[in-house]
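Student: I'm new to this one and would like a close look at a single part. Could you walk me through a helix and then what lies around it?

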Amino acid sequence: MSFSSVSIAMTGSGGAGVMTAGQMLVDAAARAGWYGLMGRSLGPQIRGGESAALLRLSPQPVQSPDDFYDLLVAVDWGNIERFASELPLHAETVIISDPAQGPVPALMLEQSPLVIEVPLKDIARSTPGGRVNMVALGLVAAAIGIPAATIEQVLGTVLGKKGAEVIAQSLASLHAGMQAAEPLAGHLRPLAPPTAAGQERWSITGNEATGLGALRGGVRFCAAYPITPATEVLEWLAPNLTHVGGTLVQAEDELASINMCLGGSFGGVPSLTATSGPGLALMTEGLGLAVASETPVVVVDVMRGGPSTGIPTKSEQSDLNIAVYGLHGDAPHIVTAPLSIADCVFTAQWSVMLAESRQCPVIMLSDQAAGQSRAVLDRPTLPDFHAHRLRAEAAEGDYQRYALTADGVSPMAIPGTAGTTYTADGLEHSPKGTPSTQARHHQEQLDKRLRKLTEFDYGPAWADISGPPDADMAVITFGSITEQVREALARAAETGLHARLIAVRLLAPARPAQMAAALQGIGKLLVVEQNHSAQFHSLLRAQYDLPPLVHTLHRPGPLALRPHEIVTALGALAQADACVAA
């Protein structure tokens, strides 16, 4: 599966407008029939600092960044040293540099790319009200073959509220940029012809997809405190919850958020909050209360670089340990992870269903790379399952909220239901809910809370497994890095190197029997993850029997793993001696 795609980086200081230009470019490509992916690299500053729109456009669906950038357009070189390593270039890369912004920094020339000087700022000045980012947009659109009429339509739509004068000025800048694209002729391959749309296409981010999945799953209450990179989940939910009779509350902090969600859920309303690593750390006590009281709740953790404040604007899969192990005491709960931008819809909806049906907290581990990237993709198949909580009916007898049932799930009463009064708090309790320190009650309730998770049938959704059934190698991964792995395996297969993919969507509880089946016949395993200490590898070692030879490919953010690196690691695994563990 060789991709015919073009990868573009548009860089500039904060406020230079490269994000707006990048978004318009993706929208125009989509309208013309192409697929696309747009990530972003930002500094941690509230204003100013560095920024880059990172795009990949293709006639085929893409949800993974490519190995290198074919075109880098620098509106300016402000603070480029802070994120130059995130912009892999090669000898065929074309760099567009404005001579008025100074020479190309030496670190951008290490791979000997072709540098073409285009006076972007002077061109913008030559048009009334000229805008440099619109000049750059026109230049790129013309260079890769996006029809002028299409980019003009998108510009008019995006800037429509700013008035006719602004639109006219921006169009003039756009056309000036298109005319300046002539020096690029022959140096940059145009996009291959677009693929005729056979079905509806979406332009969506992972955070928006998460909000949609939560809403479809039945969430009608959200309490949260804004935090990068999860805030867009809340921004999407805020207006859309009102359309279905739901409510979003901006709480004063993360502690209030989780407790408000527990209150909403205790009242019978499926509830969700969204946060990132620092917020999840503050929520762990509340999550323990959810386990003890068997109150459903979903926490979406859009992971970023850590620890502490870390790198708020960059992606990293380093909250795995706290998500799985971070609650005090024996506190069984569910941890899920979407495998792509599109999969955020399914996994969020599934997470709500699991929380409600199992009466427990679910932590969904998304990440910045999925959450804040936008993809143009075919409309995903939307699941038809919805939240269903086992509710207690009015009773005259002795209501036992925590009755010891066969599957561990006991009917949960909604406050006000006749004859179902009970105590719900964090203390250990008897089946009735009365606080108890008896060893018997503690043992019974611990067994009950564990049983309802480990003995539940999660079905095939626990992992996405694909590839040749007779392969002796496999790659196992989780989260958004799955898309890089998919592309890498497709490339490797073209060279005769075949491996199975095991992309784990259910990180906790463990599925030993299912994993054993997935690994049947596998003698060599490559574990791929985006964090410093190989947390996923450690989790797999602790929970599962792995093949004789296991290699790992891992590093922290913000340097995303690229498909060619995974292909190289797979090749090394194929050549390794199966009798020697590495």
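Student: Which residues of α5 are buried?

Tutor: Keep in mind that this is a predicted model. Helix α5 covers residues 164-179, which makes 16 residues. From its first C-alpha to its last it reaches 23 Å, close to the 22 Å expected at 1.5 Å a residue. The buried residues in α5 are V166, I167, Q169, S170, S173, L174, A176, G177 and M178. To read that list, remember that an α-helix has 3.6 residues a turn, so residues three or four places apart point the same way. As for what covers the buried residues of α5, that includes α2 (120-125), α3 (132-144) and α4 (148-158).

Now zoom out a bit. In soluble globular proteins, nonpolar side chains tend to be buried together. Here the largest nonpolar core has 74 residues, and L365, I476, L507, M515 and F536 have the most contacts inside it. Take F536: leaving out residues up to four places away in sequence, its partners include L320, I476, V504 and L507. Apart from that core lies another, of 51 residues, with M38, L139, L184 and V376 among them.

One last stop is R201, which sits in strand β7 (residues 201-205). R201 is buried, because its relative accessible area is 18%, and buried means under 20%. Its side chain reaches the backbone oxygen of G33 at 2.6 Å, and a 3.1 Å polar contact joins the side chains of R201 and Y35. Beyond its neighbours within four places in sequence, the residues in contact with R201 also include W34, T195, L377 and D378.

Technical notes
Residues are numbered from 1 along each chain as its sequence is written. This is a predicted model: local features need pLDDT of at least 70, side-chain atom pairs count only at pLDDT 80 or more; totals for chains, interfaces and linings use all residues. Side-chain values use heavy atoms; hydrogens and water are left out. A nonpolar core is a set of buried Ala, Val, Leu, Ile, Met, Phe, Trp, Tyr and Cys residues joined through side-chain atoms within 4.5 Å. Buried means under 20% relative accessible area, exposed over 50%, partly exposed in between (1.4 Å probe, protein chains only). Contact means heavy atoms within 4.5 Å. Helices (H or I, at least four residues) and strands (E, at least two) are DSSP runs, numbered from the N terminus. The expected span of a helix is 1.5 Å times one less than its number of residues. A polar contact is a pair of N or O atoms within 3.5 Å; within protein, one must be able to donate a hydrogen and the other to accept it, and residues adjacent in sequence count only if both atoms are side-chain atoms.
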